[in-house]
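Please look over the sequence and the model below before reading on. The text after them walks through the structure step by step.

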Amino acid sequence: MFNQALASSVPIQGTAVAARWDGLYDFLLGISAFFFLLVVGAMLYFAITYRHRPEKKTTYFTGSHLLEAIWIAVPTLLLMMIFGWGYSIYHAMTQAPSDAYEVRVVGKQWLWTFQYDNGKTTVNEVYVPMNRPVKLVMTSEDVLHGFYIPNFRIKQDVVPGMYSSLWFTATVPGKHQVFCTEYCGTSHSGMLAKVVVLDDAQWKAWNLNRPIGAVPDVGLEGVAEASVAQSAPAAGSLADQGKAVYEKKGCVACHSVDGTTKVGPTHKGLFGSKVELTDGRTVIADENYIRNHIENPQANTVKGFNPVMPTFKGLISETEMNALIAYIKSLK
Ligand SMILES: [Cu+2]
């Protein structure tokens, strides 16, 4: 019911999660309206019915256990239900399926760069397939940014020095507006991007560097366009680009990619594995662990090795880091 009334003021539903989110929001709006009318209605009724009249004296009340039980039980059950409902949507919004198509995102003042496994790089437009889970692995080169896609009802902070992620399965083809939602300086409001959702044929064509035809904006029309740099020609896959960084930065001096141990442990099979550290902790080698180890090697030392790895902090750009991690990830 509220959906219709609000249809013109909320963005379109570009994902299944968006529809669930709106459902919960409508419900909250509905019960808020219901209790508002109930409370204010009762207040008006009592104010009029029991207004002061000299000839009429109100009887003396001591309370009602039944009433009290009802006003404790009903809100408790209602709130627990809202919590369960919200939690289940939150869970769906945050737990990306493991087979999601991954895109790496780097925010900086004041544009977004996207890197794809096939080696392409785009600026301010991220190309993704329709009806397929997509995961954005995001970081920032400078300050805090926020990646918000209103049509998808999802948003995540983008933080320098670490990776955060966001995932969605887009169901509506076209260009969906992205806003930066952490105030990040002068051109914060101009830090615009689009998620370009392509159907199967367009997705194939895009990956083969063929023309995909015009893609229309969906929802939020009229927002100023960001300037878009088109796809840079791919210099090999992202992992290939990472291999070049790996060799250029001299990782090969201490690490192997074929399983043999050198000064440092091999990187073959590292990604996703459990790593034992000298301080007794066991950690999963995910993007954040690897990145951390490259920038801050003294923080974690792998069991059985000496802490001799130099820090590469400031020596590897965010886009190089993404390529490097894609390379280490590819060493199965
Ligand atoms: Cu920003």
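Predicted model: local features only at pLDDT ≥ 70, side-chain atom pairs only at ≥ 80, totals over all residues.

The protein contains seven helices and 13 strands. Along the principal axes, its C-alpha atoms fill a box of roughly 100 × 55 × 35 Å. The radius of gyration is 27 Å, whereas a compact globule of 332 residues would have one near 20 Å. Of those 332 residues, 28% count as buried. Among contacts with a separation of 6 or more, 67% are between residues 24 or more positions apart.

Helix 3 covers residues 65–94, which makes 30 residues. From its first C-alpha to its last, helix 3 reaches 43 Å, close to the 44 Å expected at 1.5 Å a residue. How many of the residues of helix 3 are buried? The number is one, so helix 3 lies largely in the open. Being buried here takes 20 or more other C-beta atoms within 10 Å of a residue's own.

Helix 5 (residues 238–248) and helix 7 (residues 318–330) have axes 7 Å apart and meet at an angle of about 105°. The two are therefore roughly perpendicular to each other, since angles of 65 to 115 degrees are counted that way. On the side of helix 5, the contact is made by Leu238, Ala239, Gln241, Gly242, Lys243, Val245 and Tyr246. Helix 7 contributes Glu320, Asn322, Ala323, Leu324, Ile325, Ala326, Tyr327 and Ser330. By type, the residues of this contact divide into nine nonpolar, four polar and two charged.

Ile316 sits in the loop between helix 6 (287–295) and helix 7. Apart from its neighbours within four places in sequence, Ile316 is in contact with Val245, Lys249, Ile294, Met321 and Leu324. Two of these, Val245 and Leu324, also take part in the contact of helix 5 with helix 7. Is Ile316 buried, exposed or partly exposed? It has 18 other C-beta atoms within 10 Å and is partly exposed. Ile316 and Glu295 are 21 residues apart along the chain, and their C-alpha atoms are separated by 8.8 Å.

Asn296 belongs to the loop between helix 6 and helix 7. Leaving out residues up to four places away in sequence, Asn296 touches Thr311 and Lys313. With 13 C-beta neighbours inside 10 Å, Asn296 counts as partly exposed.

Another loop runs between helix 4 (200–207) and strand 11 (229–232), and Ile212 lies in it. Not counting residues up to four places away in sequence, Ile212 touches Leu198, Gln202, Ala205 and Trp206. Leu198 is 14 residues from Ile212 in sequence and 8.5 Å from it in space, C-alpha to C-alpha. Ile212 counts as partly exposed, because it has 18 C-beta neighbours inside 10 Å.

The last topic is backbone geometry. Most residues other than glycine have a negative phi, and most peptide bonds are trans. Which peptide bond is cis, with omega near 0°? The bond from Gln109 to Trp110 is cis. Trp110 lies in the loop between strand 1 (101–108) and strand 2 (111–116).

Asn124 has a positive phi, near 65°, in a residue other than glycine. Its place is in the loop between strand 3 (121–123) and strand 4 (125–129). Asn124 has 19 C-beta neighbours inside 10 Å and so counts as partly exposed. For Arg153, phi is near 60°, again a positive value in a residue other than glycine. Arg153 is found in the loop between strand 6 (145–149) and strand 7 (154–158). With 22 C-beta neighbours inside 10 Å, Arg153 counts as buried.

Conventions. Residues numbered from 1 in each chain as written. Helix = DSSP H or I, 4+ residues; strand = E, 2+ residues; numbered from the N terminus. Expected span 1.5 Å × (residues − 1). Buried ≥ 20, exposed ≤ 12 C-beta atoms within 10 Å, placed from the backbone. Rg over C-alpha atoms; globule rule 2.2 N^0.38 Å. Contact = placed C-beta atoms within 7 Å. Axes fitted to C-alpha atoms, helices over the stretch in contact; angles between N-to-C directions. Parallel < 35°, antiparallel > 145°, perpendicular 65-115°, else oblique. Nonpolar A, V, L, I, M, F, W, Y, C, P; charged D, E, K, R; others polar.
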